[in-house]
Amino acid sequence: MENERHLSEGIDNFLTFLRDVEQTRSVFLSIERDADNETQDILHIIELKEVNQTEIDTLYDKLKEIRRKRRKAKEYILQTASIIDWIDKNRNVIKGIETLLGDIRKAERHSQNKIFTPKTEIFDEIFKRESEGEIISLF
């Protein structure tokens with residue numbers, strides 16, 4: 001049963017999802033801060049420097065690009081706000097789920113390495129085998 005799904009997979013996928021959301025949100029928070037700072041720099045250039053039409057066009061294009069990048073970051077931050085709030089309120093639950101995952105993986109490993117040693121002659125009797133003390137892998 002090589003393709004057999006392990007019970008641990010669903011739990012692992014859920015914990016991975018939570019970690020990914022936190023990490024990605026952190027990246028997008030940084031992108032939003034950077035975009036805000038870049039926007040301020042462009043506004044300061046406009047405020048403090050005389051710019052010609054070519055420079056204005058360049059600043060316009062760059063500002064548009066920065067605002068789109070910022071919008072994408074803000075949308076992700078908004079969409080994941082409830083998840084992040086749940087994670088923050090349930091750190092102990094998540095630790096418990098991580099412990100549960102470890103326990104299940106341990107049990108799965110134990111099952112994979114399990115061997116069976118016959119205690120009676122019933123196996124030989126049923127399958128007409130003569131060898132004594134034979135070890136039979138259950139999996």
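1. Helix 2 covers residues 53-79, which is 27 residues. In this predicted model, helix 2 reaches 39 Å from its first C-alpha to its last. That span is close to the 39 Å expected at 1.5 Å a residue.

2. Which residues of helix 2 are buried? They are L59, I66, R70, A73 and I77. These buried residues pack against helix 1 (8-48) and helix 3 (81-89). S26 has 42% relative accessibility, so it counts as partly exposed; a residue would have to be under 20% to count as buried.

3. A side-chain oxygen of N52 reaches to within 3.1 Å of the backbone nitrogen of T54. The side chain of N52 also has a polar atom 2.8 Å from the backbone nitrogen of E55. N52 counts as partly exposed, at 42% relative accessibility.

4. Some context for the whole protein chain. The chain has five helices and two strands. Read from the N terminus on, the elements run α-α-α-α-β-α-β. Of the 139 residues in the chain, 20% are buried. The accessible surface comes to about 11,100 Å², and 54% of that surface belongs to carbon and sulfur atoms. Contacts between residues at least 6 apart in sequence can be sorted by their separation: 69% of them join residues at least 24 apart.

5. Side chains of opposite charge can pair when their charged atoms come close. How many salt bridges does the structure hold? There are nine. One of them joins the side chains of R105 and D12, with 3.1 Å from N to O. R105 lies in helix 4 and D12 in helix 1, so this pair ties together parts that are 93 residues apart in sequence. Both partners fall in the middle class of accessibility: R105 is partly exposed, with a relative accessible area of 32%, and D12 is partly exposed at 22%.

6. A second salt bridge links E32 with R70, and the closest N and O atoms of the pair are 3.8 Å apart. E32 belongs to helix 1 and R70 to helix 2, so the pair ties together parts that are 38 residues apart in sequence. Are the two partners buried or exposed? E32 counts as buried at 15% relative accessibility, and R70 counts as buried at 12%. The cut-off for buried is under 20%, so each value falls on the buried side.

7. The side chains of K89 and D85 meet with 3.1 Å from N to O. The two residues are four apart in helix 3, so about one helical turn separates them. K89 counts as exposed at 64% relative accessibility, whereas D85 counts as partly exposed at 37%. Salt bridges that share partners also join E22, D88 and R91 into one network.

8. The surface has a nonpolar patch as well. Which residues form the patch? F14, F17, W86 and V93 do, with about 350 Å² of accessible area together. V93 is found in helix 4, which covers residues 91-112. V93 has a relative accessible area of 41% and is partly exposed. A residue needs over 30% relative accessible area to be part of a patch, so V93, at 41%, is above that limit.

Technical notes:
Residues are numbered from 1 along each chain as its sequence is written. This is a predicted model: local features need pLDDT of at least 70, side-chain atom pairs count only at pLDDT 80 or more; totals for chains, interfaces and linings use all residues. Side-chain values use heavy atoms; hydrogens and water are left out. The expected span of a helix is 1.5 Å times one less than its number of residues. Buried means under 20% relative accessible area, exposed over 50%, partly exposed in between (1.4 Å probe, protein chains only). Contact means heavy atoms within 4.5 Å. A polar contact is a pair of N or O atoms within 3.5 Å; within protein, one must be able to donate a hydrogen and the other to accept it, and residues adjacent in sequence count only if both atoms are side-chain atoms. Patches are made of residues with over 30% relative accessible area and no salt bridge: like charges are joined within 9 Å, nonpolar side chains (Val, Leu, Ile, Met, Phe, Trp, Tyr) within 5 Å. Accessible areas come from the Shrake-Rupley method with a 1.4 Å probe; for residues, only the protein chains shown count as cover. A salt bridge is a side-chain nitrogen of Lys or Arg within 4 Å of a carboxyl oxygen of Asp or Glu.
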